[in-house]
Amino acid sequence: MKTDQVFYFSNPKLLPLIVRHRNQGDRIHTKVGTQKLKKILINDKVPQEAREKVWVITTREDLILWMPNVRKSDLSESQVNDKMQYMVIFRNKV
């Protein structure tokens, strides 16, 4: 669907993935290091009530890979044809 968002990765060591809401003190890897999710949500001007509902995709070790509708971690990869790819699709309700 047009509103679908996709996250690609090829490292099977990241599995299994966990879907949860954000926790206090959560951090995500970005190009400039790590940033708190709270700061990202404030900078992106996400309303307070929406911040409570943000989903987070993490690894078993609680490494945040993706916040759908907000930000992907630098651990995200672009789609490549020559290796095994895993794809996570986030579908918004219409």
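The legends below describe close-up views of a predicted model.

View 1. Ile 89 belongs to strand 8, which covers residues 86–90, and with a relative accessible area of 46% the residue is partly exposed. Leaving aside residues up to four places away in sequence, Ile 89 touches Asp 4, Gln 5 and Val 6.

View 2. A search of the whole structure finds four aromatic pairs. Because Phe 9 lies in strand 1 (residues 5–9) and Tyr 86 in strand 8, the pair ties together parts that are 77 residues apart in sequence. Phe 9 is buried, at a relative accessible area of 1%, whereas Tyr 86 is partly exposed, at 24%.

**View 3. The edge-to-face pair of Trp 66 and Phe 90.** The ring centres of Trp 66 and Phe 90 lie 6.3 Å apart with their planes at 80 degrees, and the pair is therefore edge-to-face. This pair links distant parts of the chain, with Trp 66 in strand 6 (residues 64–67) and Phe 90 in strand 8, 24 residues apart. Trp 66 counts as buried at 1% relative accessibility, and Phe 90 is also buried, with a relative accessible area of 18%, because the cut-off for buried is under 20%.

**View 4. The aromatic cluster.** Phe 7, Phe 9, Trp 66, Tyr 86 and Phe 90 are linked into a cluster by ring pairs.

Key: Residues numbered from 1 in each chain as written. Predicted model: local features only at pLDDT ≥ 70, side-chain atom pairs only at ≥ 80, totals over all residues. Heavy atoms only, no water. Helix = DSSP H or I, 4+ residues; strand = E, 2+ residues; numbered from the N terminus. Buried < 20%, exposed > 50% of the residue type's maximum accessible area, 1.4 Å probe, protein only. Contact = heavy atoms within 4.5 Å. Phe/Tyr/Trp six-rings, centres within 6.5 Å; stacked < 30°, edge-to-face > 60°.
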